[in-house]
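Subject: A two-chain model for you to look through

Dear colleague,

I am handing over a structure that I would like you to read alongside these notes. Please look through it once before going on to what was found in it.

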Amino acid sequence: MSAASAVGLAVVWPLFAIVLIVILRKSPNLREAGTLLTGFSLFGVVAGVILPVVTAGGRPRLDVLEVLPGLSLAFEVEPLGMLFAMVASGLWIVTTFYAIGYMRGHHESNQTRFYICFAIAISGAIGVAFAANVFTLFVFYELITLSTYPLVTHAGTEKAKKAGRMYLGILMGTSIAFLLFAMVWTWLAAGTTEFTPGGILAGKVTGVELMVLLALYAFGTGKAALMPFHRWLPAAMVAPTPVSALLHAVAVVKAGVFTVLKVVVYVFGIDLLATTDASRWLTWVAAFTIIAASCVALTKDNLKARLAYSTISQLSYIVLGAALATTAGVIGGGMHIVMHAFGKITLFFCAGAIMVGAHKTEISELDGLGRRMPFTFGAFLLGSLSVIGLPPMGGSWSKWFLMLGAAEAEQWVMMLVLMASSLLSIGYLMPVVVRGFFRAAPADDHHAGEGLHEAPLLCVLPPVFTAVGGIVLFFFADDLWRLLTGMVP
Amino acid sequence: MMDALWNLIGDDLAALQIAMPLLTATVCILVRRPMLAWGVAMFNAWGAVVNASILLHRVLTTGTISYAEGGWPVPWGIELRIDLLNALVLLVVTCICAVVLTAAPRALAAEVPEDKHYLFYAAYLLCMTGLAGMTVTGDAFNIFVFLEISSLASYALISQGPSPRALTSALQYLMMGTIGGTFILLGIGMLYMVTGTLNIVDMANQLGAVGPNRTVLVGMAFICVGAGIKLAVFPLHVWLPNAYTYAPAVVTAFLAATATKVAYYVLVRFIYSIFQVNFAFEVNRLDAVLIPVGIAAMFVGSLVAIFQDDLKRMLAYSSVAQIGYMVLGLGLANEHGLTGGLVHVFNHALMKCGLFLVLACLLVRVGSTKLAAFAGLGRRMPLTFAAFVLGGLSLIGVPMTVGFVSKWYLVLGALDAGMWPVAVLILLSSLLAVIYIWRVVEVGYFRTAADDAPEVSEAPFSMLLPTWVLIGATVVFGVWTSLSVGVASAAARMLLGGAS
């Protein structure tokens, strides 16, 4: 199989799962086996066929068709997209295992629809990762929005419907009003929307217009959850936890920041932004989002809500990395896509395991629970360390590079922001662990002292796996760095 | 045998577009048996599609077709003239006629007494005669004649609706439509006064020689307002929501995708072919009227649509908004903008006709088009409802659907004209479509049907197929655009080049 055809295959492969799911819908075990089979084979194609080519410096390309003159559906894999596709397809497998445990343990209904929409969303994420131009990226970006809407509204309650409205309203609204506009503008100015190393806008858009165009891209990508377009993310927490874990910590939100990063590197070009200072304002917006969202997270007692605000804050790390417009900054941003994915998915997995195993959703109820659920809380600790950015977790490296990027750009304030944010994240994540392990269980808790009482095995193993993955990444940061240097000429 | 037949009619295809439906309409009245009348109409309608495809192919390969009726030389005799512009419109009109007619028998059974079916088919064919006639003719006065034929037939069609309000709606449309027709006639009369000819090409040439002239200006005003009424451009749209709501569902599907589209064609033909860009836009600044009116229509139509409880009325107001897009494209008067307007004729016909057919399916099964009737439809009629969702996405302008293609060109056109606020408004107005479509999607998927609701099954195949043909086409032509965009942009270049 040539790498080019593998690229096309990877994009449509998750849709193959739908066929299996529909055929096997009568038997839940076989149905989930279908999803897993697709997941493993997808990861095999991405990691086994495409990755070696890209690592060797290749850029496999597949032109599908030209929809309008100069606007074609095409895929081309470069390092950043490679990385995102690896993360999305790899964690899809883990999440599917987790979903089996969670959805059954939590007695959720409409599971067939759940798995189908999930598969479409993954196809969308792979499409975004491999898109060769803004148009293709936009198509798959919208596909993600539409396919995750039924997942957000899964419960069908009034609250879920309201959340769904906000979800669709903000994500679709910003993408049509701003992102589409930015795309048309780019096309008119540059005559193309192809992602090109070094960018396509140099000399074509200048001055204030450059800033406006960047703003249209940054805010048009609602999935990046830049303030003030962040409200959809906490609202989306009404979805089942596997959705919050994979989609609202990894696939959907990372598709957003990935878009920002990719546009900065391949449409604007970091040299253009660095010389014109057109992205200086964006560093401030990102910094504000980082700090403000962390502060909000401190005030949330609901565990998933706290994690959601933490995600908003962490996403802006990546936007900040892009806005710094330095080599280390964009590499740090790219790396943070991976590191944060592993850290945050662990935390969400744990939150779901606590919900299934102990039926607790509020942080103030977690006292003493760590002794009964040591694996869950242990994984939560590791995940927290990664998000905070402490060794021996992978998260420390991405933060390191972001700091380096801020130093290169001589933006000392941004270094302070990053440090302050680390402190804040200690403030909102550690209490969970401390309460679990060190506080005594409340007196009226008659389960206390009953010994080990974890959630079903399939709810506990995945977070342990991803937490360990966070440690492994600490030792393989060098490989990530070498891969990512390929994106800046 | 085929060769002989071909030699006989090969050159008369344009004339057959008018003669065939006129003839078969009378046949329908003679045969009286509903299914037989339907068969005759189907034969004619699908024949017209083949005919229109051949005509478009010929125009693309050999250029404009001119046909002298009765052998009288142009410009003294009446000319049928087919160029890229009306070849495209003709294809849209005939395809819609044929597809809607395919779905008609089952849909009519729910709304019109069976003994009137043959008359219905006859009126339908007469309406088709008028629409095809307006499209193919090269004679300004003929446009008026065929306009009246199609209008009279459509009043009859609308009044067939089951509700008594169908009659008042038809009457309202009759009055508005007659005023519109009269205005067009007055305008044509004034042009005739100045040029002494009724042939469109000849008239355009003569006008070029006349120079600035108040009679011509007044004529243009009359024609624009008259065509505007038939096109239902805001604020001349008041007849449209009632007519669409109370007409039988198939009639709505048919009219929404053809009557307004042909009226749009007439407006484009007069402005670009007869008055031409220089007179209309540079001397008289018609764009200063058309662009604000188009934008107002986009917003008013969509905003009102959000608050409708009857889905037929909601889609009717959505049509008012979509007509706004077309008028905007017309007013931008540059290649991208006009391409957007013209391609939207094609695209909007597909999606709106498909959506109205979904409502026809709903009427047959659930018996209502109120929002509440959609409760639980995602489970009860999954295929029908999926068609609605897909058509709705197209209306919003999601990429890979036809709606995106239209919007892309309109935004490009606005930016080309240096009017970036207009581009912003186009995009903002599509957000309103998200709201009115998603209200329905929510009800369909999340509200469960009332316990006493009758058990319903999927719509009959004979209606589901045409619906999905159209909805499928909104995706196909959203990805494969060389036919729709190719012809529309070539037509736009031709119109802007001044040649007709």
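Chain A has 19 helices and two strands, where helices (H or I, at least four residues) and strands (E, at least two) are DSSP runs, numbered from the N terminus. Before going further, please note that this is a predicted model, in which local features need pLDDT of at least 70 and side-chain atom pairs count only at pLDDT 80 or more, while totals for chains, interfaces and linings use all residues. Residues are numbered from 1 along each chain as its sequence is written, and chains are lettered from A and ligands numbered from 1 in the order in which they are written.

The overall form of chain A

A compact globule with 489 residues would have a radius of gyration near 23 Å, and the 21 Å of chain A agrees with that; the radius is taken over C-alpha atoms, and the globule rule is 2.2 Å times the number of residues to the power 0.38. Taken along the principal axes, the C-alpha atoms of chain A fill a box of roughly 70 × 55 × 45 Å. Of the 489 residues in chain A, 62% are buried, a residue being buried if 20 or more other C-beta atoms lie within 10 Å of its own, exposed if 12 or fewer, and partly exposed in between, with C-beta atoms placed from the backbone.

Two helices of chain A

Helix α16 (residues 395-408) of chain A packs against helix α17 (residues 412-438) of chain A at an angle of about 160°, with their axes 7 Å apart; axes are lines fitted to C-alpha atoms, for helices over the stretch in contact, and angles run from 0 to 180 degrees between N-to-C directions. α16(A) and α17(A) are therefore roughly antiparallel to each other, since angles under 35 degrees count as roughly parallel, over 145 as roughly antiparallel, 65 to 115 as roughly perpendicular and the rest as oblique. Among the residues that make the contact are Leu402(A) and Met403(A) of α16(A) and Leu418(A) of α17(A), two residues being in contact if their C-beta atoms, placed from the backbone, lie within 7 Å. The residues of this contact divide into seven nonpolar, no polar and one charged, where Ala, Val, Leu, Ile, Met, Phe, Trp, Tyr, Cys and Pro count as nonpolar, Asp, Glu, Lys and Arg as charged, and the others, Gly among them, as polar.

Chain B

Chain B has 20 helices and two strands. Its radius of gyration is 22 Å, close to the 23 Å that the globule rule gives for 500 residues, so chain B is as compact as a globular protein of that length. Buried residues make up 62% of the 500 residues in chain B.

In chain B, α2(B) and helix α5 (residues 117-136) pack at an angle of about 170°, with their axes 8 Å apart, which makes α2(B) roughly antiparallel to α5(B). Leu23(B) has its place in helix α2 (residues 13-31) of chain B, and with 15 C-beta neighbours inside 10 Å it counts as partly exposed.

Where the chains meet

Between the chains, 18 residues of chain A are in contact with 21 residues of chain B. The largest share of the side of chain A that touches chain B, ten residues, comes from α6(A). By class, that side of chain A has 13 nonpolar, three polar and two charged residues.

With best wishes
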